Amino acid sequence: MKDPKLTMERSPLGSRFFSSSNTLVVAVSTGVDSMVLLDLLQNLPKLKRPRLIVAHVNHHLRTQSTAEEAFLRTYCRQRNLPLEVAQWAVAEHPAKGIEAAARRFRYSFFATVMDKYQAQAVATAHHQDDLAETVLMKLIRGGRIEQLGALRWQRPFASGALIRPLLALNKQDLRRYAKDHQLTWFEDETNRDLTPFRNRVRHRYLPSLSVENPRLVTALASDAEQINDLLGLANERLGELDATLRTERGFSLAAFRRLSESTQRSYLRYYLTKRGVATIKEEQLHQLVTGLGDQTRPPQSFQLPNRWCLVKGYREAFLKKAGQMAQEGESEGEFVVELGQWYRLRAGGTFSVTRQPGQGSVTTVWLTNNQFPLTCRPVQAGDRLLLKGGTHQRVRRVLIDQKVPRDLRANQRVIVDALGQVVWLVGVKVAWFGRRPGALPVALCQREQ
C-alpha cells in the first residue's frame, strides 16, 4: 500500500506544478477519485500548495447530479475555494455519442476556466486503474501502438497543461485514503452498468485476468510508461527527419525513397498523425509506401479516411481534403483549414485564416499550438461562442441577434479548434481568445464578392 500524500508530492509533476506561485484548476466530479485529489492538493506543504480553482460540470445525466452540485458548492464555500460550475443542459445532449460529447463539453469548459484564472494547468483524477483499463481496452480493440500510452502524467492543453497527479496510485489506495480521512463522496450508479465497454473491462475482464497476475494493474501501468518513453524517443527522431524531408506543401519523394522501408512506414504514420489524419490500417500503410516508392507510375492520389487524400506528385507528396479546390475554390462539408488558403462561402464572399493579415476585413485572435488544426464545418446544435469574461453565447442566438436571414442560416459555417471550441462564426462574430501565455496572433480575413 502506498502513502498517497508522499506519492503525490514525489510525482514527476511536483517540481513544475506544485508551487504556491502557481494556479491550478482541479476537475472535480464528487466521485471518490476527484475528492481525494482535491483533498491531497489542499494538504500539500504550504510552499508547494498552488492556488486551487475547483471546476465542476453538472451533466444532468443522473438524478443525483443536483445533489452532487449542491454538496460541492457547500464544500467549497466552507473552505474558501473558488468554484466554477458548468451546466450541460439536457436539450444539448445528442441522441448518439453522448459520452464523447460530454467529454468535449467538459474539456472545453476546463479550458475556459484555465483562461479565466490564468492557470498553469488543469488536474484530473485519473489513476493507475484507469491507465490499466485504457491499455487493456486498446489491446482488445487493436490499432496504433501509440494509443497504449494514452494516459500520461501531463500533456499540452489549452494555454498550459493537463496533469494527472494520481497516476502512481491505484483505486484501492484512493479508497483507503478517503475512508481514513473521512471524506464524503458520491458513487456514480452508472459505473455498474456493463453496457459501456470500459465498465466491462473494469468489472469483468481485469478482475478475471488479475487471477493470473495479482499485480496486473501495476504491470500494465509500467508497460504503458515504457511505451511512452520509447515513443517519445521515436517521435523526437521522426521530428528531426520530418524537418529534413519537408517541402512547401508536403515532403520530398526523393529523400523519402532513400529511407529503409520500416522507416518509411514510421515516417508516414508520423506525418499523417501530425497533420490530423485519422488512423489508417497497416495494410493501407504498406500500399502507400509501395505507391510512393514506384517511380514508373505518374502522379496519383491515394484515398485516406475522412475524405483525406495523399497526393503523389513528381517531386513531392502532400495532403489535401477531398473536395478542397485551389485558390478561391469552394469547399463543401467539413475540412481542415489551411493557413493562408482562401475559401469561398455558399452564403457569399470568401474567407481565410492566416498568420499574416491579407486583403479584406481582418480580426485577430490569439491561439495556442494545441488548438490547431482548425476545422471549418456547418453550424451544429449546441455550438457556443466564448465571450470576454468566460461566459458563452449560443451561435444560433447570435444569428438571430445579428438578423441573419433564415434562408442564409442553413449555409452558415463556423471555424472550430482542435478542442471543439468555436473560434469564428464566419462573417458574423468572433469568439474571445485574448492574449495569454503561449498564444500567437492569428488573422481571420474576409472578402466580399
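The expected span of a helix is 1.5 Å times one less than its number of residues. Keep in mind that this is a predicted model.

Q: What makes the reach of α9 close to the expected one?
A: α9 has 30 residues, and at 1.5 Å a residue the expected span is 44 Å. From first C-alpha to last, α9 reaches 42 Å, which is close to that.

Q: Which residues of α9 are called buried, and what is the cut-off?
A: Buried means under 20% relative accessible area. In α9 that label goes to Leu216, Val217, Leu220, Ala221, Ala224, Ile227, Asn228, Leu231, Leu238, Leu241, Asp242 and Leu245. An α-helix has 3.6 residues a turn, so residues three or four places apart point the same way.

Q: What covers the buried residues of α9?
A: The cover includes α6, α8 (197–210), β7 (251–252), α10 (253–257) and α11 (261–274).

Q: What makes α9 stand out in the lining of the second largest pocket?
A: To count as lining, a residue needs an atom within 4 Å of a pocket point. The second largest pocket has 16 lining residues, and α9 gives the most, with seven. α6 (128–141) also supplies at least two. Nearest the centre of this pocket lie Leu131, Trp153, Leu167, Ala221 and Glu225. The space inside comes to about 310 Å³, and the lining divides into seven nonpolar, five polar and four charged residues.

Q: Why is the other kind of space called a cavity?
A: A cavity is called that because a 1.4 Å probe fits there but cannot get out, whereas a pocket is open.

Q: Which residues line the largest cavity?
A: Among them are Ala111, Thr112, Asp115, Phe433 and Arg436. Helix α5 (residues 98–117) gives the most, with three residues. By type, the lining divides into five nonpolar, four polar and two charged.

Q: How much of the protein counts as buried?
A: Of the 449 residues, 47% are buried. As for contacts with a separation of 6 or more, 65% come from residues 24 or more positions apart.

How values were computed. Residues numbered from 1 in each chain as written. Predicted model: local features only at pLDDT ≥ 70, side-chain atom pairs only at ≥ 80, totals over all residues. Heavy atoms only, no water. 1 Å grid on protein atoms, 1.4 Å probe; cavity = no way out; pocket = protein on both sides within 12 Å on 5 of 7 lines; lining within 4 Å. Points joined across faces, edges and corners; volume = space filled by probe spheres on them. Helix = DSSP H or I, 4+ residues; strand = E, 2+ residues; numbered from the N terminus. Nonpolar A, V, L, I, M, F, W, Y, C, P; charged D, E, K, R; others polar. Buried < 20%, exposed > 50% of the residue type's maximum accessible area, 1.4 Å probe, protein only. Contact = heavy atoms within 4.5 Å.
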